[in-house]
Amino acid sequence: MTANLLDYDLEGLALFCERLGEKRFRAVQLFRWIHQKGASEFDAMTDLAKSLREKLKGCAQVQPLRVLSQHESADGTIKWLFDVGAGDAVEAVFIPESDRGTLCISSQAGCAVGCRFCSTGHQGFSRNLTSGEIVSQLWFAEHFLRRHLGRDERIISNVVMMGMGEPLQNYAELVPALKVMLDDHAYGLSRRRVTVSTSGMVPMMDRLGQDCPVALAVSLHAPNDALRESLVPLNKKYPIAELMQACVRYLDVAPRDFITFEYCMLDGVNDTPALAAELVELLRSSGGNLHWCKVNLIPFNPFAASGLTRSSNARVQAFSEVLSRAGVVTTVRKTRGDDIAAACGQLAGDVQDRTGVVVRIHKQRSAESAALAGAVPGALAAEVH
Ligand code: SAH
Ligand code: SF4
């Protein structure tokens with residue numbers, strides 16, 4: 001069987017090299033060629049012996065996901081749609097800002113959690129992505145951007161696991177992918193700049209803390225169990241009290257001294273000032289104070305099947321003020337990439353890509369954003385459709 005080398009973290013690649021009868025340090029060379037230089041052909045890896053290159057050609061390949069389409073927004077946001085086979089597609093979104101470049105990537109085709117306000121959840125679960133498929137989104141985006149911007153240095157500084165899927169329900173494939181992102185011989189991202197977002201898989205939060213403690217965002221959406229259960233069905237299994245304890249435990253190992261809570265603002269459902277006050281009390285009683293958390297309010301991106309609508313700006317503002325006045329650091333996420341449907345939860349249903357193939361698109365979303373400064377130069381704009 002041909003191995004896809006994108007599936008391996010450095011340790012996995014070292015074991016692979018050993019099985020081929022090669023020294024482990026060859027893995028570092030290979031790893032750097034693949035992830036730092038973006039090479040996918042063994043013949044390009046000129047400092048590897050010809051005999052090794054031939055051996056590799058016989059049993060391995062660097063096989064990224066196929067890109068179905070690419071769109072650039074007027075605000076510089078770029079989204080890619082990747083084919084994952086069997087009519088499924090996943091998306092990654094690049095969000096340029098003045099001081100960083102963030103890539104939002106997917107962990108599953110579909111999602112089994114089934115949150116009421118999420119179009120991925122409405123469409124159900126297809127399958128877990130392999131770690132190679134998760135890494136592939138970063139591999140492609142980073143090297144595409146470098147080539148087309150004519151830059152040698154790193155462009156993507158932050159990764160958020162906030163695309164399609166529940167990353168902690170694909171734990172075995174997630175962790176090697178995170179290790180590739182963090183490895184200095186690959187992308188060298190800081191643990192503070194890689195964020196896993198979860199709807200509250202409590203046992204896996206603890207394991208993540210042991211195995212690969214990156215930054216954590218928790219999709220809360222409600223301050224009490226009755227309301228949260230109606231929005232995030234996983235709450236029946238892991239109720240808020242357990243979730244909060246897991247968050248506080250995670251703080252011991254977290255690369256930042258806070259946990260981010262995401263709260264999707266749904267008109268008339270979870271957006272009253274009384275619920276904001278209840279949220280303050282929940283956060284205070286769980287952590288003993290309000291310094292251990294941040295709240296990120298996300299304006300809901302509506303889709304027909306949800307039967308839900310976005311809270312008005314005034315309601316978001318009022319909710320935010322209750323939190324801020326109590327001393328909770330609160331941000332309201334700005335929507336990016338609206339014109340190319342790259343904002344949270346905007347893409348759903350069947351679309352026809354440029355090759356005429358009908359692909360099922362699940363929800364994809366952009367990550368948090370700020371004022372746009374680091375706009376993508378014209379050279380890139382000419383390359384994308
Ligand atoms: N499954 C993980 C990560 C992917 S979803 C999780 O739930 O955290 C990432 C974020 O997108 C979540 O906070 C979710 O609340 C938000 N989201 C999902 N659908 C949305 C929509 N239609 N509008 C706005 N945000 C949405
Ligand atoms: Fe899955 Fe996250 Fe969507 Fe919920 S919000 S259905 S956990 S992707």
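**Figure 1. Overview of the predicted protein chain.** Of the 385 residues in the protein chain, 57% are buried (under 20% relative accessible area; exposed is over 50%, partly exposed in between; 1.4 Å probe, protein chains only). The model is predicted: local features need pLDDT of at least 70, side-chain atom pairs count only at pLDDT 80 or more, and totals for chains, interfaces and linings use all residues. Residues are numbered from 1 along each chain as its sequence is written, chains are lettered from A and ligands numbered from 1 in the order in which they are written, and side-chain values use heavy atoms, with hydrogens and water left out. The protein chain holds 12 helices and 16 strands (DSSP runs numbered from the N terminus: helices are H or I, at least four residues; strands are E, at least two). Among its contacts with a separation of 6 or more, 65% join residues 24 or more positions apart (contact: heavy atoms within 4.5 Å).

**Figure 2. Confidence along the chain.** Mean pLDDT of the protein chain is 89, and 88% of its residues reach 70 or more (pLDDT: the predictor's confidence in each residue, from 0 to 100). Residues 347–385 have pLDDT below 50, yet this stretch makes 127 contacts in the model beyond near neighbours in sequence. Where pLDDT is low, predicted coordinates should not be read in detail.

Figure 3. S199 lies in the loop between β10 (194–198) and α7 (202–211). S199 counts as buried because its relative accessibility is 7%. Beyond four places in sequence, S199 contacts V113, E166, S219, R228, V232 and L234.

**Figure 4. Aromatic pairs.** Rings of Phe, Tyr and Trp (its six-membered ring) pair if their centres lie within 6.5 Å; planes under 30 degrees apart count as stacked, over 60 as edge-to-face and the rest as tilted. The count by this rule is eight aromatic pairs. F140 and F144 are stacked, 5.8 Å centre to centre with 20° between the planes. Both sit in helix α5 (residues 131–149), four residues apart, about one turn of the helix. F140 and F144 are both buried. The Y263 and F319 pair is tilted because the ring centres are 4.9 Å apart and the planes at 40°. This pair links distant parts of the chain, 56 residues apart: Y263 in strand β12 (residues 259–265) and F319 in helix α11 (residues 313–326). Y263 and F319 are buried. One aromatic cluster comprises W80, F82, F140 and F144.

**Figure 5. Lysines over rings.** The charged end of K37 sits over the ring of W33, 4.0 Å from its centre (NZ of Lys or CZ of Arg within 6 Å of the ring centre and within 35 degrees of the ring normal). The charged end of K294 sits over the ring of F258, 4.1 Å from its centre.

**Figure 6. Surroundings of H221.** H221 is in the loop between β11 (215–219) and α8 (225–231). H221 counts as buried because its relative accessibility is 4%. Leaving out residues up to four places away in sequence, H221 touches F117, L231, V232, E262, Y263, C264 and N270.
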